[in-house]
Amino acid sequence: MNTDSKSIAFDVEKIRKDFPILSRKVNGYPLVYLDNAATSQKPQVVIDALVDYYSNYNANIHRGVHSLSQEATDAYEQAREKIRSHFNIKKSREVIFTSGTTHAINIVASGFRSILQKGDELIVSALEHHSNIVPWQMLCEETGAVLKVLPMNDEGELELVEYINLLSNKTKLVFVNHISNALGTINPIEEIIEKAHKVGAAVLIDGAQACAHIKPDLQALNADFYTCSAHKMCGPTGVGILYGKEAWLVKLPPYQGGGEMIKEVTFEKTTYAELPHKFEAGTPNIADGIAFGAAIDYLNGIGFDAIANHENQLLAYATEKLLEIEGLKIYGTSAQKTSVISFNIEGIHPYDIGTIVDKLGIAVRTGHHCAQPIMDFYKIPGTVRASFAFYNTFHEIDVLVEAIKKAKQMLT
Amino acid sequence: MKIKDIQEEIIDEFAFFDDWMQRYEHMISLGKSLPLIDQANKKEEYLIKGCQSKVWVYPEFKDGKVLFTADSDAIITKGIVALLLRVFSNQTPEDILKADTDFIDEIGLKEHLSPTRANGLVSMIKQLKMYALAYQSQLN
Ligand SMILES: Cc1ncc(COP(=O)(O)O)c(C=O)c1O
């Protein structure tokens, strides 16, 4: 991980002013937004970047000779460069703009159709989001490859001993999230990657949750693929990236055909464009790509050390306060976790709790969090999930805890 | 009681509360009065899809009327089901089929439901009417 620590004092009240939405009311109460693992809120600079693009230099990119198109192209490519630098990726051609993590995973899964053979094995972790399960199941159905599951323990941690048993020279691909969206566990991906490479398997890391909390150094990490979604890191919806090692991106066939991704087209044969355009068919999401760059600048302006420090304090405080409520059980109790608390109260459906606290202006998520296998593991229908961002406060946690007590009293 | 009269009664009852908290408390207590489904009938085929929580509804046809029993694993959902059964249970298939559901808007229930719950409510009503339709076609 990069450590570009900024020693400027962390002033959460000042930071909150950057986010217009945080001053609104919901159901008559000040909004307490604790659904950051689903999507983060957006600072004014990101909103401004979108407005600025459409107001001042909207044009299609990579195509026109005119000045506006050049300005837009420059801004879009600058955003790619910011992303490259943020993740310490070697080459900008290894940064593929996608619509988000789901799209990124599908590009890789679809590319492996022509690589996998019957009997090849893939390893998926028990902690995955459906986005990192379903595309691979579809791939297995098509190719006859076999999906193996890397199990988890009661704390919500992956069982590395089992992992080693699952790996063999038949293993072609391993896919694991960096941080679990349902439980907040930070997975030991360094070790997972290293062990996979020893048997010649490629590794895809789903960084959708991680990128809001930490700043991965992708060259040091050495994953073959890494994905993220801008909307979870203060950027707009509908944009994200697929990082792939150049050798892999050259090897994988394109995902979609169309404009932008070609070198030459005749009816006899089309040759594909160079990376990264090979995987970027059609007019891209220009405005959101540029605003993603603005989000990255914004986060780095605060600094990921400061973010992690504040979020860890929130996590510790909320964990302590919530556990004071009788009958409350937290799912995901690894020592290695980010600011996500998934919980239930004995005898109460998570949905009921979510409904009551919403009436008090608090946004939490309830349900299976697109990770049904985890809920099945714990034999529960779902959980209530409170997920904190750097702009949340200790006071908001107090409000949450009081609301949950009230809900509990109403519902029992 | 006729469906229309029951609906009027519910509208009056809800008008009495002046905040959502009391409405929810009322719904929760209604949930406790729900005519419970027999444990043996809590089967997949009686489960209604479209809710974050589970809802089972079991229909019976007796003396020309449809009787429903039900359950849910979430208590607020149970209250919603109780409200619906109060309107639709123990009525003739014909009355169930021609009943409108304006009372739901009038008591402001939908505004207070999350989109998933509002969807759940729609699928529940659809399911109750489907059962009524099935019984009616048996009659004809
Ligand atoms: C771990 C994880 N993977 C994948 C996704 C899917 O991301 P997106 O919906 O942005 O494609 C999410 C989002 O909830 C996630 O948390």
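I began with a term: a polar contact is a pair of N or O atoms within 3.5 Å; within protein, one must be able to donate a hydrogen and the other to accept it, and residues adjacent in sequence count only if both atoms are side-chain atoms. This is a predicted model, in which local features need pLDDT of at least 70 and side-chain atom pairs count only at pLDDT 80 or more, while totals for chains, interfaces and linings use all residues. Residues are numbered from 1 along each chain as its sequence is written, chains are lettered from A and ligands numbered from 1 in the order in which they are written, and side-chain values use heavy atoms, with hydrogens and water left out.

**Ligand**

An N or O atom in the side chain of Lys232(A) is 2.5 Å from an oxygen atom of the ligand. I found a polar side-chain atom of Thr102(A) 2.5 Å from a ligand oxygen atom, and one of His231(A) 2.8 Å from a ligand oxygen atom. On its own the ligand has 400 Å² of accessible area, and the protein covers 85% of it (Shrake-Rupley method, 1.4 Å probe; for residues, only the protein chains shown count as cover).

Which residues are around the ligand? I noted Thr101(A), Thr102(A), His129(A), Ser131(A), Asn181(A), Asp206(A), Ala208(A), Gln209(A), Ser229(A), His231(A) and Lys232(A). A residue is listed if one of its heavy atoms lies within 4 Å. I sorted this shell into 1 nonpolar, 8 polar and 2 charged residues. For the sorting, Ala, Val, Leu, Ile, Met, Phe, Trp, Tyr, Cys and Pro count as nonpolar, Asp, Glu, Lys and Arg as charged, and the others, Gly among them, as polar.

I needed two terms here. Helices (H or I, at least four residues) and strands (E, at least two) are DSSP runs, numbered from the N terminus. Two strands pair if DSSP finds at least two bridges between them.

I traced an open sheet of 7 strands in chain A, with mixed pairing and the order β4-β10-β9-β8-β7-β5-β6. Its edge strands are β4 (95–98) and β6 (146–150) of chain A, and each pairs on one side only. On average, neighbouring strands are turned by 20° against each other, direction ignored. The axes are lines fitted to C-alpha atoms, for helices over the stretch in contact, and angles run from 0 to 180 degrees between N-to-C directions.

I checked β4(A) against β10(A) (residues 240–244): they pair in the antiparallel sense over 4 bridges. Thr98(A) has Gly240(A) in β10(A) as its bridge partner.

Helix α4(A) (residues 101–111) packs on this sheet and touches β4, β8, β9 and β10 of chain A, at about 155° to β9(A). Contact means heavy atoms within 4.5 Å. Helix α5(A) (residues 134–143) lies across β5, β6, β7 and β8 of chain A and runs at about 145° to β6(A).

I found His103(A) in helix α4(A). Its side chain reaches the backbone nitrogen of Ser99(A) at 2.8 Å. Leaving aside neighbours within four places in sequence, His103(A) is in contact with Thr98(A) and Tyr255(A).

Pro254(A) lies in the loop between α9 (246–251) and β11 of chain A. Its C-alpha atom is 7.9 Å from that of Ile107(A), 147 residues apart along the chain.

**Sheet of 4 strands**

I then traced an open antiparallel sheet of 4 strands in chain A, in the order β13-β14-β17-β16. Its twist averages 30° from one strand to the next. Helix α11(A) (residues 304–323) packs on this sheet, touching β13 and β14 of chain A, and its direction makes about 5° with that of β14(A).

Most residues other than glycine have a negative phi, and most peptide bonds are trans. I noted a cis peptide bond between Leu275(A) and Pro276(A), with omega about 0°. Pro276(A) is in the loop between β12 (270–272) and α10 (286–302) of chain A. What is phi of His369(A)? I read a positive value near 55°. His369(A) sits in the loop between β16 (365–367) and α13 (372–378) of chain A.
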